[in-house]
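This report describes one protein chain in plain terms. Look at the sequence and the model below before reading on.

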Amino acid sequence: MAYQFYTSTVVNIIDETPTTKRFYIKLPETVDFQFKAGQFVMLDMPINHKHTTRSYSIASAPNNENIIELIIVIKEQGSGTTYLFSDVKIGSSIQVSQALGKLFLPEVLTEDICFICTGTGVAPFRSQIFDIFKKNIPHQNVYLVFGNRTQQDILYRNEFEELAKKEPSFHFIPVLSRETPESWGGKIGYVHEVYKDLFSDVRPAWFYICGWQLMLREARQNLETMGYDRKRIRFEAFD
Ligand SMILES: Cc1cc2nc3c(=O)[nH]c(=O)nc-3n(C[C@H](O)[C@H](O)[C@H](O)COP(=O)(O)OP(=O)(O)OC[C@H]3O[C@@H](n4cnc5c(N)ncnc54)[C@H](O)[C@@H]3O)c2cc1C
């Protein structure tokens, strides 16, 4: 399949943590750029590599501004991220593909939905969660089980905490593997214990998982062992 690429402009870059940046990219005015929450784009970069494209989930909810937000973590010696972090500045041009992928929300949210992710795997879920609440899509409980190492790694922490205060149906559950009960009053460990506990009654629910293969494989296996149908488990692997 030949992908359509658009010459776009980086309109803002924000340091989210010491290793992640938010990139705000404006598609050309002439393009009616449409995407569904959960999709990703490819960036085609002038890098010295056999493969010049890299995929990034859109972290913002669909809007009418032709601007998308990406949240990207630097990979040591990674060709794409090294280019993005050192050569790309506000005002730089960048080649962005049409929206791709099929990690869509269910047609109707008549059951609980549990998003499970680590690190930048939160990107498509941020888009979907804000899509649900901005559009007032009828829903049940929405859980975000978000694994990281330390408190400073929790991406979008403030806005998820704010949303949880405002919306009683939204449950933000960060779980940290390198904190201690003295340093962190929340969940400690890995995401797996959290969703297993939350859904120990195996009530009807949808599960969305995103991040690196290792976590993803374990989560899918656990959910199936608990008794969930694999059709209820949707996922996107970043590697
Ligand atoms: C659907 C999807 C969404 C993603 N969303 C995000 C996101 O929101 N945020 C984020 O930080 N990361 C995301 N990623 C990961 C991202 O695409 C890059 O893999 C990551 O940024 C590292 O890129 P790099 O060029 O720095 O590393 P590199 O090590 O240079 O390249 C990493 C990837 O490039 C490709 N590649 C490199 N070399 C080869 C080769 N020889 N043959 C074939 N393929 C090769 C492979 O896909 C490889 O995994 C996503 C990945 C996918 C698939």
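## Two domains

The domain assignment of the protein gives two parts: domain 1, covering 5–97, and domain 2, covering 112–237. The model is predicted. Taken over C-alpha atoms, the centres of domain 1 and domain 2 are 24 Å apart.

## Where the domains touch

How many residues of domain 1 are in contact with domain 2? There are 14 residues on the domain 1 side, and they are in contact with 14 residues of domain 2. On the side of domain 1 that touches domain 2, β1 (5–17) and β5 each supply at least two residues. The largest share of that side comes from β5, with three residues.

By class, the side of domain 1 that touches domain 2 has eight nonpolar, five polar and one charged residues.

## Around the ligand

The ligand has 21 residues around it, and those that come nearest are Ser 55, Gly 78, Gly 80, Thr 81 and Thr 120.

Sorted by class, the residues of the shell are eight nonpolar, eight polar and five charged.

## A pair of helices

Two packed helices are described by the angle between their axes and the distance between the axes. For helix α4 (residues 191–198) and helix α5 (residues 213–226), the angle is about 25° and the axes are 10 Å apart. Angles under 35 degrees count as roughly parallel, so α4 is roughly parallel to α5. The crossing of α4 and α5 is right-handed.

Which residues of α4 meet α5? They are Val 191, His 192 and Lys 196, and in α5 they meet Met 215, Glu 218, Ala 219, Asn 222 and Met 226.

Conventions: Residues numbered from 1 in each chain as written. Predicted model: local features only at pLDDT ≥ 70, side-chain atom pairs only at ≥ 80, totals over all residues. Near = placed C-beta within 6 Å. Nonpolar A, V, L, I, M, F, W, Y, C, P; charged D, E, K, R; others polar. Axes fitted to C-alpha atoms, helices over the stretch in contact; angles between N-to-C directions. Helix = DSSP H or I, 4+ residues; strand = E, 2+ residues; numbered from the N terminus. Parallel < 35°, antiparallel > 145°, perpendicular 65-115°, else oblique. Left-handed = near helix turned anticlockwise from the far one by under 90°. Contact = placed C-beta atoms within 7 Å. Domains from an automatic or database assignment.
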